[in-house]
Amino acid sequence: MKTIMLGNEAVARGAYEAGVKLVSSYPGTPSTEITEEIAKFKEVSCEWAPNEKVGAEVAIGASIRGARAMTCMKHVGLNVSADPLFTAAYTGVNGGLVFCVADDPGMHSSQNEQDTRNHARSAKVPVLEPSDSAECKEFIKYAFDFSEKYDTPVILRLHTRVSHSRSIVEIEDPKPITLKDYAKDPAKYVMMPANAIKRHVVVEERTKTIAADSNDVNVGKHKVEMRDTKLGIITSGASYQYVRDGVPDASVLKLGLVWPLPMDLIRDFASKVDRLVVVEELDPFIENEIKAAGIKCEGKELFTMLGEYTAIMVRKALSDLPLPEAGIDTSSLPTPPGRPPVLCAGCPHKGLFLALNRLKVQVMGDIGCYTLGALPPMQAVDAVVCMGASVGMAHGFDKATDGADSRKTVGVIGDSTFLHSGITNLMNAVYNQSSITLIILDNSITGMTGHQQNPSTGKNIRLEDAPAVDLEGLCKSLGVASVRVVDPVDTFGAEKVIKEELEKNVVSVVIARRPCALIPTGRAKKGVEVSCDYDKCRSCGACGRIMCPALIMGEDKKPMIDAESCNNCGLCVNVCKFDALIKGEE
Amino acid sequence: MENFEASIVLAGVGGQGTLIAGKLLGILSLKLGLDVKVSEVHGMSQRGGSVITYVKIGKEVHSPIVEPGTADFVLSFEEVEAVRWASLLKKDGVMIVNSQKIKSLPVLLGAVQYPSDIKASLDNGAIGDTKIIEIDALGAALDCGTSKATNIVMLGALSKYFGIDDKVWQESIEEAFAAKPKTIPLNLEAFAKGKSLA
């Protein structure tokens with residue numbers, strides 16, 4: 001049966017058809033939907049892990065036991081799971097083991113633009129790269145076979161445009177889930193020096209074997225498309241699509257396995273074309289490998305290392321073919337007002353960031369919706385680097401100034417991000433006698449990636465009841481001397497508590513607790529919203545400054561409440577000095 | 001039908017139903033036996049931001065991205081978004097604009113003005129046989145009973161220029177809303193209204 005699937009759905013379907021037994025992942029755009037879709041197949045053991053390292057390690061365990069296993073993440077998640085990956089490359093597998101890693105050229109939803117292939121080469125793990133949904137399904141199935149055949153973990157490298165594009169997929173029957181026998185084999189699985197030294201030999205030999213075998217297009221899932229031989233292009237993944245539209249007459253070598261590279265096949269293709277160009281987004285990975293092998297080619301002198309490519313970009317760089325003609329002369333159009341992403345109506349982060357803005361503190365931020373606290377009107381965030389970094393950075397500010405900055409610096413981290421990689425950081429701060437104040441924004445969900453459960457929410461990926469981490473108890477057990485809970489909508493109350501904690505010479509944690517406005521527990525009752533007593537309103541504009549999407553400021557600076565989007569949180573009520581705004585009765 | 005080709009842009013604001021409209025066009029293409037790619041934006045930009053979905057239909061579709069000057073159709077679900085994505089429309093293409101205005105925060109705060117006379121500016125800028133059509137899709141959807149049908153009104157308007165039989169559209173709507181069968185009559189009505197408005 002033919003159907004249309006998102007690339008990520010096709011990966012999930014393919015893994016299911018391949019008989020995957022276990023999937024453990026941490027959500028991250030653009031990879032999240034893979035694991036969510038797998039969770040729909042009840043026979044697969046499917047979990048949200050607290051971070052990508054845990055997800056990878058669970059998958060490694062299942063693989064050694066003999067099950068087909070998979071872990072999915074965004075590109076930066078591979079940094080977190082690099083440790084298990086690099087040594088799983090040495091142990092090899094029992095059941096097939098696949099890391100699905102989604103890169104984000106153009107940074108639609110990421111903090112950097114790193115290229116997964118560099119990690120793969122360092123880890124000595126082969127990489128397959130699909131270019132549409134049909135290939136997502138085909139390649140993931142193949143990846144499991146490949147993993148078992150060559151006794152290696154395999155990376156399936158995705159891109160935003162492959163993960164988040166829908167295209168046609170042929171549904172096939174699933175292979176039954178089977179469990180291979182497990183036999184104790186310390187020489188293969190216990191990576192202590194004596195064993196690892198021998199396994200490293202196996203790894204280097206394996207890479208050579210795969211590179212040689214991959215010269216067969218069937219093994220490497222490559223496609224050689226000979227057309228006009230004046231121009232030959234080597235490409236893969238999403239870039240292949242831009243090449244086909246941009247220069248339809250060019251000959252193309254489309255690589256499926258992009259590491260290790262099939263150098264004989266490449267040399268043969270190079271010999272058949274007058275000019276060889278590598279078209280690849282991000283780093284000159286294939287290009288440098290080809291050049292190192294002594295094959296002449298062009299690449300990054302024609303194309304950028306930044307962002308996404310397009311068909312027109314390829315056409316402009318490589319041909320004289322006609323360029324599109326615009327239908328509207330845009331020079332005469334008005335400038336459209338910006339429409340940046342915003343914190344939602346009823347978002348609990350808003351009240352907290354307004355408090356931090358008033359306190360004029362330095363804020364070490366973290367990864368999540370609350371990164372938007374860096375934008376107006378809060379503009380409260382000083383630095384954001386990676387998951388969990390807020391805690392360590394705040395501690396660094398404290399130590400760099402011998403404790404002086406701890407009175408005016410806070411770390412801000414979400415519940416899911418704290419569980420991801422904030423706990424060890426907090427332990428470190430306590431152990432090294434910091435006096436930081438950490439604010440945990442506990443909105444009871446992993447918000448930005450589209451509302452995934454985590455170990456503190458009391459539900460698992462299938463929304464079944466699960467044990468919930470007690471955040472206060474956890475912090476206390478790490479030795480945090482002062483743990484307090486505030487309601488962030490009570491922005492002035494939260495401000496007072498944070499101020500008191502900043503004064504203390506110990507590590508403090510303030511938990512700002514209120515569910516995300518987009519999940520059932522955080523949503524107001526239907527038909528209940530804030531109202532305004534216009535006789536009392538003095539047009540002071542205070543409610544407008546909280547930038548709530550549900551408050552529309554009239555010409556007279558009096559607020560109109562958009563009943564449809566108001567969540568009745570009451571933040572505007574709390575900032576109104578004239579009691580003009582009234583919370584709806586729930 | 002086998003030579004049918006179209007590049008469509010669905011532009012709007014997070015929550016306006018552009019993703020569902022994109023999915024529906026995917027179903028339609030499958031019914032026509034054609035290749036299709038629908039490219040979506042997820043993640044951070046969805047939070048009340050400007051969102052865009054690309055749909056490309058044809059015998060063999062490669063890149064999922066609709067580039068400047070290549071869209072046969074631009075459907076703007078919000079008026080000012082039509083200005084933001086106007087450069088994507090190709091010469092002699094068709095742009096359908098929902099007259100609904102959703103003010104972004106910079107506008108709500110009074111930092112910038114929401115532009116006036118957008119339709120007139122677009123008409124002024126139109127090159128060759130490029131058509132700009134403005135309809136009150138939200139109003140028509142509300143007439144059918146829910147603002148949520150705005151996306152189907154827009155597709156109804158598109159159908160007038162698309163050259164595909166209404167029957168295929170109707171079957172696609174039935175399939176897209178198969179999980180919520182009660183909404184099918186309403187959506188069919190919204191589709192017909194959109195077509196009559198365009």
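This is a predicted model: local features need pLDDT of at least 70, side-chain atom pairs count only at pLDDT 80 or more; totals for chains, interfaces and linings use all residues.
**Exercise 1. Strand to strand**

Solution: 

**Exercise 2. Describing the interface**

Task: Describe the contact between chain A and chain B by residues, area and polar links.

Solution: 
- Step 1. Count residues. Chain A gives 59 and chain B gives 60.
- Step 2. Give the area. About 4800 Å² is buried between the chains, and carbon and sulfur atoms give 64% of that.
- Step 3. Name the main contributors in chain A. R166(A), P337(A) and R339(A) lose the most area to chain B, together 18% of what that side buries.
- Step 4. Look for charged pairs. Four salt bridges are counted between the chains. R339(A) takes part in a salt bridge with E81(B), at 2.5 Å from N to O.
- Step 5. The rule finds 22 residue pairs across the interface.
- Step 6. Locate the elements. On the side of chain A that touches chain B, those giving two or more residues include β1, β8 and α15 of chain A. α12(A) gives the most, with five residues.
- Step 7. Sort that side by type. Its residues divide into 29 nonpolar, 19 polar and 11 charged.

**Exercise 3. Salt bridges within a chain**

Task: Work out what parts the E172(A) and K137(A) pair ties together, and whether each residue is buried or partly exposed.

Solution: 
- Step 1. Recall the idea. Side chains of opposite charge can pair when their charged atoms come close.
- Step 2. Check the distance. The side chains of E172(A) and K137(A) meet at 2.6 Å, N to O.
- Step 3. Place the residues. E172(A) is in the loop between β8 and α9 of chain A and K137(A) is in helix α7 of chain A, so the pair ties together parts 35 residues apart in sequence.
- Step 4. Judge exposure. Buried means under 20% relative accessible area. K137(A) has 3%, so K137(A) is buried. E172(A) has 39%, so E172(A) is partly exposed.
- Step 5. K101(B) and E79(B) form a salt bridge, with closest N and O atoms 3.0 Å apart. K101(B) sits in the loop between β5 and α3 of chain B, and E79(B) in helix α2 of chain B, 22 residues apart.
- Step 6. E79(B) is buried at 6%, while K101(B) is partly exposed at 47%.

**Exercise 4. A serine in a loop**

Task: Decide whether S435(A) is buried or exposed, and find which side chain S435(A) joins in a polar contact.

Solution: 
- Step 1. Locate the residue. S435(A) lies in the loop between α18 and β16 of chain A.
- Step 2. Compare with the cut-off. Its relative accessibility is 7%, so S435(A) counts as buried.
- Step 3. Find the polar partner. The side chains of S435(A) and S406(A) are joined by a polar contact of 3.0 Å.
- Step 4. List the surroundings. Leaving out residues up to four places away in sequence, S435(A) touches several residues, among them D398(A), K504(A) and V507(A).

Key:
Residues are numbered from 1 along each chain as its sequence is written. Chains are lettered from A and ligands numbered from 1 in the order in which they are written. Side-chain values use heavy atoms; hydrogens and water are left out. Contact means heavy atoms within 4.5 Å. Buried area is the accessible area (1.4 Å probe) that two parts lose on being put together, summed over both. A polar contact is a pair of N or O atoms within 3.5 Å; within protein, one must be able to donate a hydrogen and the other to accept it, and residues adjacent in sequence count only if both atoms are side-chain atoms. Helices (H or I, at least four residues) and strands (E, at least two) are DSSP runs, numbered from the N terminus. Ala, Val, Leu, Ile, Met, Phe, Trp, Tyr, Cys and Pro count as nonpolar, Asp, Glu, Lys and Arg as charged, and the others, Gly among them, as polar. Buried means under 20% relative accessible area, exposed over 50%, partly exposed in between (1.4 Å probe, protein chains only).
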